[in-house]
Amino acid sequence: MNRGTLQRIPTPTAVLVALPEVTADACNEVLADAGVKVLRVGSVAAAAERIPVTMPQIVVVSTLMVAADLEVVIDRCVAVGSELLKLDPDTSPAATAALIRTAARNALIKALAGI
């Protein structure tokens, strides 16, 4: 019996870490429109567990995140090669959407290149 190897199809993924609901909804909309799978996690502890498993291309946090929590997220991002996006709540929605769109485009390129 010949069992063929299943080819892994890269799925660009983003993890939203402890973002306010309004910000998370805006991110989700832009990322989903770009074809990026979105995983929302409500805490840094949950993100620390899920980032190594899901190996996302993008991890999104708020600039208001506590420094100790940010260090944990940065460590996980470095470990899996994720781009860390820090969103400032004072940035306009249009500028935030443009930043997320650019990150999504980069994630798609990264996923297709197998990086």
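Mentor: Happy to! Let's begin with strand E3, where both faces are covered: Ile58, Val60 and Ser62 are buried on one side, and Val59 and Val61 on the other. Here buried means under 20% relative accessible area, exposed means over 50%, and partly exposed lies in between, with a 1.4 Å probe and protein chains only. In a regular strand the side chains alternate between the two faces of the sheet. In total, 5 of the 5 residues of E3 are buried.

A word on the ground rules: this is a predicted model, in which local features need pLDDT of at least 70 and side-chain atom pairs count only at pLDDT 80 or more, while totals for chains, interfaces and linings use all residues. Residues are numbered from 1 along each chain as its sequence is written, and side-chain values use heavy atoms, leaving out hydrogens and water. Strands (E, at least two residues) and helices (H or I, at least four) are DSSP runs, numbered from the N terminus.

Now for the sheet itself. E3 belongs to an open sheet of 4 strands in the order E2-E1-E3-E4, with parallel pairing; two strands pair if DSSP finds at least two bridges between them. Strand E2 (37-41) and strand E4 (83-87) have a single partner strand each, so one side of each is left without a neighbour in the sheet. Neighbouring strands are turned by 20 degrees against each other on average, direction ignored. Axes here are lines fitted to C-alpha atoms, for helices over the stretch in contact, and angles run from 0 to 180 degrees between N-to-C directions.

On one side, E3 is joined to E1 by 3 bridges, and valine 59 in E3 is the bridge partner of valine 15. Towards E4 there are 5 bridges, again between parallel strands, with valine 60 opposite leucine 85 in E4. Further along, 5 bridges join E1 (residues 13-17) to E2, including the one that pairs alanine 14 with valine 38 in E2.

Next come the helices over the sheet. Helix H2 (residues 44-54) touches E1, E2 and E3 (58-62), and its direction makes about 150 degrees with that of E2; contact means heavy atoms within 4.5 Å. Helix H4 (residues 93-113) packs on the sheet too, touching E3 and E4, at about 170 degrees to the direction of E4.

Finally, look at the loop between H2 and E3, where glutamine 57 is found. At 11% relative accessibility, glutamine 57 counts as buried. A polar atom of its side chain lies 2.7 Å from the backbone nitrogen of threonine 13. Not counting residues up to four places away in sequence, glutamine 57 touches Thr11, Pro12, Thr13, Ser82, Glu83, Ala107, Lys110 and Ala111.

Notes
Polar contact = N/O pair within 3.5 Å; in protein donor to acceptor, adjacent residues only side chain to side chain.
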